[in-house]
Structures are given as structure tokens and as C-alpha cells.
Amino acid sequence: MSTPTHGTPSLPSARRKRSSLEVLHELKQPKVAVMLALGFASGLPFLLTANTFGYWLRDDGTSLVAIGFISWVGFAYAFKVYWSPLVDRIDVPLLGRLGRRRGWMLLCQILVTIGLLGMAIVGTAGGLAAIGAFALLTAFASATQDIAIDAWRIESASDDADVGLMTSAAQVGYRVALIITDALIIAAAARVGWSMSYVGMAVLMALCTVATLFAAEPTRAEVVLDQKPPLWTLRGLADAIIGPFIDFFANHKVTGLVMLLMVALYRLPDFVMGPMYNPYYHDLGLSKDTVAWVRGSFGLVATFIGIAAAGLSAVRLGLLPTLVAGLVLEGCGTAAFALLSVNVGTAIFATVMTLDAFAQSFAGVALVIYMSSLTSLGYTATQYAMLSSTYALLGKFLKGFSGIAVETLTPVYGLTGAYAAAFVATGLTAVPPLLLLLLLWRVQNTKR
């Protein structure tokens with residue numbers, strides 16, 4: 001196997017601070033608008049096979065246990081690292097003429113559209129196996145699209161400041177998509193039904209292909225990739241599969257293990273009870289319109305403020321302090337949902353939802369910027385997929401048992417009390433990664 005090019009960061013080392021006018025000028029770059037749209041394309045399918053899908057299933061009388069287990073279609077996001085070398089090194093037949101990143105993005109957007117249409121046509125009346133199969137197709141295509149979009153985002157950035165700009169743009173688009181698939185779709189479902197609402201989401205996904213067609217194929221990684229042996233040779237195959245991991249640990253040594261463990265635990269407060277949020281609202285008696293209105297107003301504003309605050313914090317305070325702040329917010333935001341079991345009024349619901357939206361967007365941006373900073377050119381897609389799969393794997397696994405946890409606690413605490421206990425326990429999962437972050441912070445200060 002060829003020796004990986006160690007220490008080749010995905011971003012140049014330029015760190016000159018930019019003036020406000022320069023930042024405003026860069027916001028006008030076409031790639032920023034494309035990144036917004038691609039971020040939207042990345043976020044659109046996520047909840048449609050997760051929390052929102054669970055709301056649909058619960059609305060149609062599906063048990064919490066079944067909802068918890070069917071959420072495992074989201075394992076596609078956790079396992080994407082296993083096929084990410086293909087996205088890094090192989091062009092899509094026919095569509096490859098658009099470029100490697102764009103070809104994969106377009107193929108995946110077409111498959112996501114087909115998957116969402118299949119879910120809409122089959123519906124819950126067709127059985128959990130049938131609708132689950134289309135949900136799996138959607139999740140698999142969406143996870144693969146994320147590999148290509150993340151690589152495009154990192155490789156299209158010209159320097160450290162640019163990656164922050166591109167990441168913020170991606171997160172804005174992503175979070176807008178989450179608002180639509182977590183709020184507007186619920187209001188739509190109350191009027192036209194879930195199937196027609198999913199048809200509408202499929203149409204939006206199809207429109208996202210326009211962004212891919214307008215995107216410029218990044219070229220910064222081509223020099224590094226051209227130096228690698230062909231994938232069909234033994235050396236090339238070994239480099240594609242093993243090279244990214246050797247490169248990562250060559251750059252970060254033993255600290256890399258601590259980094260991976262911290263990343264694996266960082267989003268547990270958000271993931272573990274994920275399938276239960278919407279069933280919780282349903283069982284509390286909150287109307288679809290109330291949930292949609294709060295998410296689309298207070299939640300939307302808090303999301304954008306959280307994105308901006310995380311970006312500013314990363315620049316002013318540094319990545320590790322920003323990660324610590326995001327984790328504390330994330331744990332408190334998740335535990336706060338227990339308050340709804342005591343008071344389910346609109347005011348308290350809006351307050352809890354606002355805190356959670358701010359916390360999740362802040363923590364999400366912090367983690368994405370941190371993971372992006374750890375990748376190397378030539379392995380961008382695979383290394384970022386490794387990191388994002390790491391943070392998704394444990395959470396995706398544990399959330400499958402969320403329904404069992406609530407139903408097991410119900411005889412003791414009652415249904416709403418069981419939800420509350422589970423949310424508090426999930427919030428406490430922020431403690432282990434917080435300790436690891438403090439360790440990384442100490443290691444970083446020692447090396448200075």
C-alpha cells in the first residue's frame with residue numbers, strides 16, 4: 001500500500017482575520033448560495049425517516065416499541081463510512097460527467113425523491129415492512145448524499161475562515177429543512193394527510209437537483225488524488241479503505257482515540273430520545289397546529305441565533321470552548337422537555353422548544369466545524385464520513401430502545417412521567433463527553 005500523505009490538511013493554513021466588508025463580500029459568492037441549497041437538500045430527508053416519520057406512525061396507531069425499532073433505518077447515517085471510499089474515488093456512471101461530487105449528489109437526490117414518493121404511495125396501510133423499506137432507501141440515499149455534500153463543502157473552501165462560512169451556510173439550509181420537515185409538514189398533515197405531505201417533500205427534494213447542477217466541481221483535492229494508485233489495484237484499494245484511518249491517527253496519535261470517543265458521545269442528548277419527541281407531543285394532547293406554529297416561529301428564530309452564536313463563538317473563543325458550551329446547552333435543552341409533563345401550556349412549550357432549538361443548532365454547528373478541521377485532502381469524504389458515522393452510531397442504536405424505555409417506566413411513573421424521566425436521563429448523557437472535552441482541552445494546552 002502507498003504511504004498516505006500525512007499532515008495534509010483539507011484547508012490551507014492561512015489565518016488572516018478578515019474585515020467586515022470582506023466577509024459581506026464573500027457572502028455574495030455563488031458557492032455560498034449553492035451551499036445553502038445543498039444544506040437544505042441534506043437536511044430535508046433526515047426527519048422524514050426519523051422523528052416526523054414517528055409522528056406519522058403514532059398518529060396511525062403504531063406502538064412505541066415498533067416506532068423505536070423502525071427508527072433503526074437511520075443506521076444508514078451511522079454506517080456510511082463503509083461505502084464512503086467509493087464516493088471518494090469512483091465517478092458515478094453517466095452522471096460522472098458532472099464531476100465526482102456533483103454526480104453522486106445528483107444520483108442520491110433522485111433516489112431520495114423516489115424513496116419519499118414510495119413512502120407516500122404505500123403509506124402505513126401497506127404495512128410497516130413496505131413503508132419501512134422505502135424509508136430505508138430514503139435514509140441510505142440521504143446518507144450517501146451527505147458524504148458527497150460534506151466533501152464538496154470542505155473542498156470548496158479556500159481557507160479556515162471559508163470553511164466556517166460554508167459550514168454556517170450549510171447549517172442554515174439544513175436547519176430550514178428541519179423546520180419544514182418538523183413543523184410545516186405537521187400542519188400540512190392535519191389538512192391534507194401524511195401521504196400528500198410526503199409527496200410535497202418529494203417535490204422539494206426534486207427541486208434540490210437544481211443546486212447540484214449550478215454547483216462548481218471542486219478541484220483542490222485533484223492533485224492529491226491524481227498521485228494515488230488506481231482504485232482497481234491492490235495498493236489503490238488498500239489506500240482507499242485503510243489510508244484515511246492511518247492518515248487520521250498519524251496526524252493525531254493517541255489523542256485521536258479520545259477525539260473519536262468524544263465525537264461518538266457528543267450528540268447522545270439529542271439522539272437517544274429522538275423517536276419519542278413527536279409521540280410525546282401527541283400523547284400530551286398538543287395539536288399539530290400548535291407544534292407547527294411554535295417550531296416555525298420561536299424554533300426557527302432560535303435556530304438561526306444558535307447557528308450565528310456558534311460560528312461567532314468558534315472564531316472568538318475557539319473550537320473546544322464552543323464544543324463545551326454546546327454540550328452543556330444540549331444536555332439542558334433535552335432535560336427541559338420533562339417540564340412539559342408538569343405544565344403543557346403553550347408558553348412553557350414555546351420556552352422549552354426555543355431552548356432546545358438554540359442548543360441543538362449551536363451544538364450541531366460546533367461539532368461540524370470541529371470534525372471538518374480534522375480531515376485531510378485526498379481522504380475528505382471518507383474521513384468526514386468516519387467522524388460523522390462515529391457520532392451517529394451509538395445514538396442511532398440507543399434510540400431504537402427509546403420506546404421500550406418509556407413503556408417500561410410507564411407502570412411506575414405513568415405515561416407522561418415515564419417520558420419525563422427518560423428525557424432527564426438522556427440529558428445526563430452530556431456528562432461523559434463533557435469530561436472528555438475537558439481532557440482534550442488540557443492536552444491542547446499542554447502541547448502549546
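Which helix gives the most to the lining of the second largest cavity? The legends below answer this for a predicted model, in which local features need pLDDT of at least 70, side-chain atom pairs count only at pLDDT 80 or more, and totals for chains, interfaces and linings use all residues. Residues are numbered from 1 along each chain as its sequence is written, and side-chain values use heavy atoms, without hydrogens and water.

**View 1. The second largest cavity.** Its volume is about 30 Å³. A cavity is a set of points, on a 1 Å grid over the protein atoms alone, where a 1.4 Å probe fits but cannot get out; lining residues have an atom within 4 Å of a point. Grid points are joined across faces, edges and corners, and a volume is the space filled by probe spheres set on the points. α3 gives the most to this lining, with three residues; α3 (51-59) and α4 (64-70) each supply at least two. Helices are DSSP runs (H or I, at least four residues) numbered from the N terminus.

**View 2. Residues around the second largest cavity.** The lining consists of Ala 50, Phe 53, Gly 54, Leu 57, Ile 67, Ile 70, Ser 71 and Pro 275. Six are nonpolar, two polar and none charged (Ala, Val, Leu, Ile, Met, Phe, Trp, Tyr, Cys and Pro count as nonpolar, Asp, Glu, Lys and Arg as charged, the others as polar).

**View 3. The largest cavity.** The volume here is about 910 Å³. Among its 43 lining residues, Phe 46, Tyr 174, Arg 175, Leu 178 and Asp 270 lie nearest the centre. α19 contributes the largest share, eight residues. The lining holds 20 nonpolar, 11 polar and 12 charged residues.

Definitions and conventions:
1 Å grid on protein atoms, 1.4 Å probe; cavity = no way out; pocket = protein on both sides within 12 Å on 5 of 7 lines; lining within 4 Å.
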